[in-house]
Amino acid sequence: MRKVYVVQLSKQEREQLEELVKRGKLEKGRRPSALKLTRARILLKADQAEGAPAYTDASISEALDVSPKTVFNIRQKWVELGLEQALERRPQQTPSRQPKLDGKAEAKLIACSCGPAPEGRSKWTLRLLSDKAVELGLVDSLSHETVRQTLKKTSSSLG
């Protein structure tokens, strides 16, 4: 089967990838992720330039323990988007979920946690605060875990 996306690395790209795999470091001195190293190895093995290995997708996937579809996708990214985009993970376009609490609701929740505890209680609990947020109409429903994360994010405590 003829390859649609043919990888032909320039000498400079090949040297950059070999350096990345060999040293395991980037220019900034940080270690690259395992994903980035695997993608670099895929491109090096898929290189069809003169004197390059030009492995098949099946042999690359077997050697690097990835699926043949992954090899195809990396080759496609290299052809369509270039080297840097082929190595990096694509950023998420939109968050999976919208946050339950906006800035104003968070501020009210924190203010509530700093205030006096409800009658009959010595201090606020996460569950009491989540119930209070619903009672105040800040949200329709709120888990105690969201309250915990909000308080942690702002360095507030219930103690």
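Is Arg23 buried or exposed? In this predicted model, Arg23 comes out as exposed, with a relative accessible area of 59%. Its side chain still has a partner: Arg23 and Glu19 meet in a salt bridge, at 2.8 Å from N to O. Both residues sit in helix H1, four residues apart, or about one turn of the helix. Glu19 itself is partly exposed, at 36% relative accessibility.

Helix H1, which covers residues 11-23, also holds Glu15. Glu15 is partly exposed as well, because its relative accessible area of 42% falls between the 20% and 50% cut-offs. From Glu15 to Ser155 there are 140 residues in sequence and 46 Å in space, C-alpha to C-alpha.

Now for the rest of the salt bridges, of which the model has eight in total. One of them pairs Glu106 with Lys153, at 2.7 Å from N to O. Glu106 belongs to helix H6 (residues 103-114) and Lys153 to helix H8 (residues 144-153), so this pair ties together parts that are 47 residues apart in sequence.

Arg148 is partly exposed at 33%, and Glu145 is partly exposed at 31%. Elsewhere, salt bridges with shared partners link Arg14, Glu18 and Asp47 into one network.

Definitions and conventions. Residues numbered from 1 in each chain as written. Predicted model: local features only at pLDDT ≥ 70, side-chain atom pairs only at ≥ 80, totals over all residues. Heavy atoms only, no water. Helix = DSSP H or I, 4+ residues; strand = E, 2+ residues; numbered from the N terminus. Buried < 20%, exposed > 50% of the residue type's maximum accessible area, 1.4 Å probe, protein only. Salt bridge = Lys/Arg side-chain N within 4 Å of Asp/Glu carboxyl O.
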